[in-house]
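Have a look at the protein below.

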Amino acid sequence: MALHFESCIFSSKPQIVAPKAQHSQYFNSSKLDALHIANKWNIVPEERSSAEVYKTGNLRRNLREKVEVVKNELWKSVDESSFKGLQMIDVMQRLNIDYYFQDEIEALIGKQYANCSSVGSGYGNHIHQIALRFRLFRQHGYFASQEVFEKFTDKERKFRPELSENIKGMVDIYEASQLAVAGEDILAEAEKFSGKVLKGKVDCIDSHGDKFVKRTLEHPFHKSLPLFTARKFLGDFHDKNLWLSSFQEIAKMDFSLLQCSYHREIGQISKWWSGLGLANELVYARNQPLKWYIWSLACFADPTLSEERIELTKPISLIYIIDDIFDVYGTLDELTLFTEAVCRWDITAIEQLPDYMKTCFRVLYNLTNEISSKVYKKHGWNPIHSLQNAWKSLCKAFLVEAKWFGSGKLPSAEEYLENGTVSSGVHIVMVHAFFLLGEGLTDENVEIIDRIPDIISSPATILRLWDDLGNAQDENQKGNDGSYVNCLMMEKAEYTREVARERVMSKICDAWKRLNQECLFHKQFHPTFTKASLNLARMVPLMYSYDDEQSLPGLEEQVKSLLYDNFL
């Protein structure tokens with residue numbers, strides 16, 4: 001199956017036809033252009049030929065054989081205490097093939113960590129060795145102390161100036177610093193020092209090194225998705241050896257198979273979305289099934305989670321649709337009635353709603369019951385109450401914002417942010433992800449999930465603040481929906497917009513530290529769920545870096561490459 005972006009939906013400004021409901025009192029007509037432009041994320045599927053299906057079968061068999069060769073011939077020859085094993089793991093992760101070697105990776109990381117039980121012991125003497133061990137340990141849930149970097153600092157805990165000549169070492173230090181948690185002053189200094197050095201050196205090194213350093217500064221590995229960055233990685237790696245060539249072969253075959261899976265999944269989503277008819281019912285709402293799928297693909301990057309990706313895309317689509325109902329369609333009275341209907345969760349109590357709201361509620365009601373039934377059949381747990389409560393919280397948060405911005409009165413910055421983490425929709429995504437995965441389904445964990453713990457609120461904060469930075473032009477919400485920046489400037493008269501934006505970036509950094517801490521110290525959730533939370537946060541910059549044309553050029557480039565390009 002192949003698919004295409006609709007590169008141009010409208011050649012001229014679309015004719016505005018009155019929808020079935022009146023516009024809200026704070027309706028912003030300029031948003032319509034942005035919504036129509038956004039519809040380039042619609043998809044047009046095509047059927048796969050039998051030859052493609054046959055080719056895929058051969059490719060899958062060849063990939064299995066190559067993976068077994070690497071495990072039996074290459075991996076077994078690696079000394080478990082050697083640095084080479086860690087280098088191989090780093091390359092596997094960057095090439096997005098580490099899921100084929102999870103058992104081997106966990107065993108080696110565990111044994112290496114046991115050898116480094118005391119501070120500085122076994123980490124090595126070179127900055128590259130120490131930084132990579134530190135990063136891999138923390139990525140795999142092992143606490144590595146920031147004190148291992150103390151040997152590179154002076155009495156004031158400042159990094160020694162002569163280290164700045166080691167560009168590779170600075171890159172490694174910068175990458176390691178991204179896994180900091182709150183209160184780690186050495187890692188904070190490491191990020192500050194290495195970042196400053198790399199920014200200063202970027203124009204003084206060769207073109208290859210220049211690209212590598214720029215990519216590291218813009219997209220450090222811990223805050224990026226290998227799904228999108230793997231194809232560029234080999235261009236940064238000049239060492240040629242047997243294991244790298246073998247990993248490259250696996251990556252190429254894996255990438256081709258993943259593309260086939262993505263096309264098939266997108267075809268199923270397109271069929272589901274078209275069958276709903278919401279795009280016809282809500283003519284001003286966003287029609288972006290491909291974009292919604294990319295969110296679920298980011299959360300569930302593991303190839304085995306195909307069914308989960310398809311199911312997660314469905315509630316994500318409704319987050320966007322309900323958001324558009326609150327932003328574009330409803331009057332305040334209608335939005336209040338809709339929220340009350342959702343809170344009652346009674347399909348017979350929707351008669352007072354406009355037709356378009358009735359349709360949306362029915363879809364929400366039926367989808368929630370359908371997903372609950374699938375989870376119960378597969379995992380033996382009925383999540384209906386948790387899912388209902390999540391949707392109730394979202395609609396309440398949307399209504400709070402509608403009342404704020406309808407009145408023209410901005411809340412305090414922190415009040416806005418507290419509500420905004422709920423209205424971000426992240427809780428909806430992660431609650432559905434938790435139950436679809438079906439791991440760790442206990443009364444205790446469900447109770448924690450329902451309370452929106454840090455593993456959910458941290459990526460929600462990151463999303464809300466990125467959206468508010470002013471890069472996000474998708475909604476074109478000038479003067480209506482406010483932002484944390486505007487609320488902060490209203491609260492702090494002395495703040496310029498630049499200072500307010502700096503405060504936002506600082507809060508995003510703090511949210512990342514909280515998320516790192518959750519992943520490192522709180523292990524009650526399954527690693528696949530934790531990774532979904534991390535990946536959602538990693539996806540945010542791509543989803544919210546809009547240009548002046550209200551487009552997402554970075555995301556469009558990455559998605560086209562992911563769906564159409566060869567690996568190399």
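Here are some questions and answers about this predicted model.

Q: How many helices and strands does the protein have?
A: Its secondary structure comes to 24 helices and 2 strands.

Q: Why is W272 called buried?
A: Buried means under 20% relative accessible area. W272 has a relative accessible area of 17%, so W272 falls under that cut-off and counts as buried.

Q: What makes W273 count as buried?
A: W273 has 4% relative accessibility. The cut-off is under 20%, so W273 is buried as well. Across the protein, buried residues make up 57% of the 568 residues.

Q: Why are W272 and W273 called an aromatic pair, and why is that pair tilted?
A: Rings pair if their centres lie within 6.5 Å, and these two are 6.2 Å apart, centre to centre. Planes under 30 degrees apart would be stacked and over 60 edge-to-face; here the angle is 40°, so the pair is tilted. Ring pairs also link W272 and W273 with W292 and Y320 into a cluster. A search of the whole structure finds 25 aromatic pairs.

Q: Which residues make the contact between α16 and α18?
A: From α16 come S386, L387, A390, W391 and L394, and from α18 come H427, I428, V431, H432 and F435. They divide into 7 nonpolar, 3 polar and no charged residues.

Notes:
Residues numbered from 1 in each chain as written. Predicted model: local features only at pLDDT ≥ 70, side-chain atom pairs only at ≥ 80, totals over all residues. Heavy atoms only, no water. Helix = DSSP H or I, 4+ residues; strand = E, 2+ residues; numbered from the N terminus. Buried < 20%, exposed > 50% of the residue type's maximum accessible area, 1.4 Å probe, protein only. Phe/Tyr/Trp six-rings, centres within 6.5 Å; stacked < 30°, edge-to-face > 60°. Contact = heavy atoms within 4.5 Å. Nonpolar A, V, L, I, M, F, W, Y, C, P; charged D, E, K, R; others polar.
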